[in-house]
Amino acid sequence: MERGALELLPYPEYPFIMKPCPKYTFGVGDRFANGAHAQLAAFIEAKSLGVDICPVWNKSNREHLIIGSEPQQTREAADKAVADLGWSGPYLLDADHINLGTVDRFVSPCDFFTLDVADDIGEAADPADVEAFLTRHPELIGGITIEGIANPLETSREDVERAANKFLKATQKAGQIYRHILSAKGGVDDFVTEVSMDETDSPQTPPELLIILAAISDQGIPIQTIAPKFTGRFNKGVDYVGDLTQFETEFNDDLAVIAHAVHRYRLPASLKLSVHSGSDKFSIYPIIRNAIQRNGAGLHIKTAGTNWLEEIIGLAEADGAGLELAKTIYCKALEKKDALCEPYSTVIDIKDANLPSAETVKNWTSGQFTSALRHDQGNPQYNPDLRQLLHVGFKIAAQLGETYIQALKSNRDVVSKNVTGNLLDRHIKPLFL
Ligand SMILES: [Zn+2]
């Protein structure tokens, strides 16, 4: 069907004057505000290889709390890297996974906001609001033909009512957070808005995504990226665990639903999927790459923790005092394992029996340590359990304070080489080049 042939709902034309969000945006984490230069170097290299990708420095409230940092520090590190390296392209700073209770200290330094409403999924909306939603959206009931999806989506009134009961409250909360940020910014809509629902147990189906987008449009949110929960497990720092064929179908259907919703509900044309990857989901990269190239779609991908692990790899590779510090961090993380893992219980899957003892690791060479930690699935010594533990173990480095920061500074070259090379070779090239 031709796009223009779709009947438009009588929506107001939202004054979409929000900050433009480039087609390809890539979230990087700089937990210790010390790696922005090395990260930006990967984007500069990508540009010289022919692809424009906008870096987005993301750091969640949880990460700031664990480290004891402020969003302003991330802003300063990003601005300094951009100035020092002469980056003239766009870049953004993401207040990642914020809500009404946590957003305020992000308002001034950030220009990208990830409104996390996953906890509000399933919270009952006012029955009158559910009824009004059903009345407003008769088009969601029955067979919905969507370009790019072979069979029409079939939804009954009960399906839509069930989905409204599950998601309407969450979209209303997203509307409240958006309006709060807008008013705190002095009414100037100069930021990118993402809505995230990924930190929950069950994935959202493509028909649910359509219903969610209709409800987000009703809230007048100029949403530019949406992060659903996809099928499969996105454990921290390690590869995807799940059915690749099912992921591919779902991802392609989600792209089709977004293109449909942009037109039908007059959402920003820049709206795209956001993949909260938890870092290093290499086996789905070819699927994502093919899908966005075939559809001409944009993509936002978040990869935060992979950078912090590269810092540890760089220290271990430096040998000497750097290796000793990397070992200390592992041994302390092993000691504090339960406490470190607790906030991340739904996104890690560590088999204790596969974690090497502190005694073992203390005797490792530089090569043994980097082989265990570096995400090279072809290396028989690669240990995904150790990698996940260190991924959530950044609190240990934060507690080391200046000792850790000084080690990064003393070993800047080898750390930077790992940070830049990892982003470029393992992430950017397979996804975009
Ligand atoms: Zn997320």
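**Briefing: helix packing and overall form**

Helices α10 and α15 lie roughly perpendicular to each other, because angles of 65 to 115 degrees fall in that class and their axes cross at roughly 105 degrees. The structure is a predicted model. In this model the protein contains 18 helices and ten strands, and its radius of gyration of 22 Å agrees with the value near 22 Å for a compact globule of 433 residues.

**The α10–α15 contact**

- Helix α10 covers residues 305–318 and helix α15 covers residues 384–391; the two axes come within 10 Å.
- On the α10 side, the contact is formed by Gly305, Thr306, Trp308 and Leu309.
- Helix α15 contributes Arg387, Leu390 and His391 to this contact.

**Overall dimensions**

- Along the principal axes, the C-alpha atoms of the protein occupy a box of roughly 70 × 45 × 40 Å.
- For a chain of 433 residues, a compact globule would have a radius of gyration near 22 Å, and the 22 Å computed for the protein therefore matches that expectation.

**Burial, surface and contacts**

- Of the 433 residues in the protein, 57% are buried.
- Of the contacts between residues at least 6 apart in sequence, 80% connect residues at least 24 apart.

Technical notes
Residues are numbered from 1 along each chain as its sequence is written. This is a predicted model: local features need pLDDT of at least 70, side-chain atom pairs count only at pLDDT 80 or more; totals for chains, interfaces and linings use all residues. Side-chain values use heavy atoms; hydrogens and water are left out. Axes are lines fitted to C-alpha atoms, for helices over the stretch in contact, and angles run from 0 to 180 degrees between N-to-C directions. Helices (H or I, at least four residues) and strands (E, at least two) are DSSP runs, numbered from the N terminus. Angles under 35 degrees count as roughly parallel, over 145 as roughly antiparallel, 65 to 115 as roughly perpendicular and the rest as oblique. Contact means heavy atoms within 4.5 Å. The radius of gyration is taken over C-alpha atoms; the globule rule is 2.2 Å times the number of residues to the power 0.38. Buried means under 20% relative accessible area, exposed over 50%, partly exposed in between (1.4 Å probe, protein chains only).
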